[in-house]
Amino acid sequence: MADETNVLDQLVGQIADDALRTRLAREIELLRGSRRFGLVFDRHLPESVRLPDHPIRKGVRVTLRDESTTTTWRVARFTDTSHTVAVLDVDGGERPVAELVVVRESGEPVFPGLQTIERIANGPVDAPWHTVINGENFHALQALRSTHGGEVDLIYIDPPYNTGNEGWIYNDRYVDNNDRAKSSKWLSFLERRLRIARELLRPTGVVIVAIGEEEHHRLRMLMDQVFGAENFLASVVWIGSVKNDARFTGGGLDYMLIYGRDVDAMIEADIIWREPKDGLQDVLDAGARAWEESGHDAAVASRLLSGWWSRSKGKYDPGLGDNVKVDSDGTVIKVSDLRSPNPRPNLRYDILHPDTDQPVRMHPNGWVYTREAMQRLIDDGRVLFGADHTAGARKKTRLAEMSMQSVRPRFYRDRRAASKRLETVLGDRRFPFPKDHEVLMRWFGIAAPKDAVILDFFGGSGTTTEAVVRLNAQDGGSRRSILVTNNEVGAKQAKAMRKAGQHPGDPEWESRGVFEYVCRPRIHTVVTGTREDGSTYSDGLAANVEMFDLTYLDPGMVRRGREFEAIAPLLWLEAGAEGDRIDAESDRGWALTPTYGVLFVTDALNQFATALAEAAKIGAPPRIVFIVTDSPVEYQTAGDRIPAGIETVRLYQDYLSNYTINVEGGTR
């Protein structure tokens with residue numbers, strides 16, 4: 001429909017040729033119907049990433065390991081059975097395999113596996129395991145889409161801020177301020193990952209993305225497109241510095257853009273975000289000390305608490321005023337007026353003192369509550385009576401019930417504290433500007449339940465894992481963290497190492513990557529309490545953590561059942577990452593843990609089905625079972641024998657299908 005206020009419609013209306021005018025108007029209307037208002041950016045070529053540890057096989061795309069060219073070739077064949085020299089297509093000639101490295105684009109199917117590099121069993125046997133994956137995060141997300149689709153409660157990421165200074169990598173090249181397309185490359189890079197992230201969230205799940213001022217506006221529009229503008233929850237301002245380092249306004253700001261997977265589902269689940277009031281726990285602790293010091297005398301304890309309050313006023317005041325006392329059972333309470341502020345004849349009635357059985361002295365205006373409401377307060381023990389009926393009465397509220405307040409969308413925390421602390425953990429300065437684990441603990445506690453699955457796929461220095469582990473230790477939670485990072489070297493150091501003739505994949509290079517040099521030693525030190533050099537950092541934390549390298553499998557070898565060891569951790573993760581893992585094929589043809597099982601040989605179906613039935617009989621069936629067979633008929637037969645309520649997955653067909661379908665493209 002033409003719009004007389006639209007310039008284009010006005011110009012079309014001036015066309016004298018009726019047929020041409022009608023045709024142009026129709027085409028414009030079609031364009032309007034397909035155009036989506038919002039963020040518009042150029043989608044760049046699929047990302048390519050070098051995979052130094054990926055085996056060189058026939059058909060894979062490769063380039064030179066020494067980075068002397070950006071040209072890529074396909075491996076056509078090998079010169080002999082030793083596979084030490086590859087024949088490359090398109091006039092690539094012959095090249096020693098040792099000189100080559102595999103290159104993958106984001107749109108190409110990959111078949112991931114996991115290889116354990118460190119397993120820290122420092123927590124209870126039945127405690128969940130935290131997972132750290134070293135690898136390309138787009139490929140790791142594809143693996144998690146299979147193991148955790150629709151099961152993640154909270155995603156927190158701290159992606160590159162795209163300031164032009166931090167040197168983030170796109171298509172294996174650093175992007176800086178000289179790149180005119182740096183914003184659209186950054187948006188393409190993030191969009192691919194956010195689209196998978198959305199699939200990982202539960203309907204009530206939440207995603208939090210940290211960002212600076214440079215890309216805040218673009219990121220919010222991208223999040224609107226991927227998650228839906230109606231699912232926007234908040235833009236939280238983190239004031240990290242009081243230094244005025246911006247031209248016109250106070251700088252030092254970080255933001256956290258927060259979106260829900262489905263706000264309607266959150267509302268239906270009655271999810272409300274609250275957090276502890278500042279200082280309130282200190283008041284509760286002071287009251288507990290006063291109760292013990294008084295010999296459990298409420299009057300004495302109240303005087304002791306009042307003295308502490310007078311000395312501490314201004315430092316610990318979560319909006320309580322001076323009306324804090326200790327009740328007869330040692331509970332710290334706040335007392336408030338029960339007198340009506342205005343004359344209300346209908347609120348004048350007698351309430352009897354529990355000891356004297358006489359009407360309590362009442363203010364001439366009457367009470368603040370109706371007779372029925374007052375009686376409910378009395379029945380619930382929420383009215384504090386004086387020594388006798390002449391002393392009046394006041395309402396009492398247990399401080400423990402006042403411990404939560406609305407979440408503040410703006411807070412201050414000096415970001416330098418995190419840098420200094422990480423330096424203390426590692427023993428030296430290795431990573432600039434890590435996130436603050438206490439800030440993350442605060443937000444994880446607000447936005448996710450105590451048994452949440454929390455994912456960070458821009459893991460960097462490992463702050464998220466530490467925050468989850470410490471939060472569990474603090475409040476007794478059973479949260480599980482999944483952290484994905486890579487082993488990239490910082491731009492400045494990478495330049496120096498290349499000048500020295502070192503390249504990705506070389507031992508010297510890999511030893512200085514963020515995973516090996518920062519993330520892994522940080523998590524090891526925090527959990528075990530011991531640094532790499534053997535020095536003591538702390539007593540450690542009761543937590544279980546396993547760190548993996550992301551590996552790449554040959555689909556043919558998978559199909560023939562020769563890659564179970566690499567796939568085994570993925571099955572364990574899908575089953576909940578708890579307890580024992582089935583790491584190898586069993587001689588009896590099946591294996592079973594409290595959380596999952598694997599039927600390796602369908603001839604052992606009777607024994608396997610019997611074991612499952614016994615587990616179900618005692619109320620402890622596994623969550624999921626994996627059935628190894630190429631035959632749809634055998635799979636159906638086995639499935640019919642599995643007790644109801646247990647999920648079944650076919651190996652290796654389901655695995656291959658999950659990763660062959662590698663979704664690429666946009667949200668528009």
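1. A charge sits over a ring if NZ of Lys or CZ of Arg is within 6 Å of the ring centre and within 35 degrees of the ring normal. Arginine 119 meets this with tryptophan 572: its charged end lies 5.7 Å from the ring centre. The charged end of arginine 119 also sits over the ring of tryptophan 129, 3.9 Å from the centre.

2. This is a predicted model: local features need pLDDT of at least 70, side-chain atom pairs count only at pLDDT 80 or more, and totals for chains, interfaces and linings use all residues. Residues are numbered from 1 along each chain as its sequence is written, and side-chain values use heavy atoms, with hydrogens and water left out.

3. There are eleven aromatic pairs in the structure. Rings of Phe, Tyr and Trp (its six-membered ring) pair if their centres lie within 6.5 Å; planes under 30 degrees apart count as stacked, over 60 as edge-to-face and the rest as tilted. One of the pairs joins tyrosine 156 and phenylalanine 444, edge-to-face, at 6.1 Å centre to centre and 70° between the planes. It links distant parts of the chain: strand β9 (residues 152-157) holds tyrosine 156, helix α11 (residues 437-447) holds phenylalanine 444, and the two are 288 residues apart. Helices (H or I, at least four residues) and strands (E, at least two) are DSSP runs, numbered from the N terminus.

4. Phenylalanine 227 and tyrosine 259 form a tilted pair, 6.3 Å centre to centre with 40° between the planes. Phenylalanine 227 is in helix α5 (residues 216-227) and tyrosine 259 in strand β14 (residues 253-260), so the pair ties together parts 32 residues apart in sequence.

5. Ring pairs also link Phe189, Phe457 and Phe458 into a cluster.
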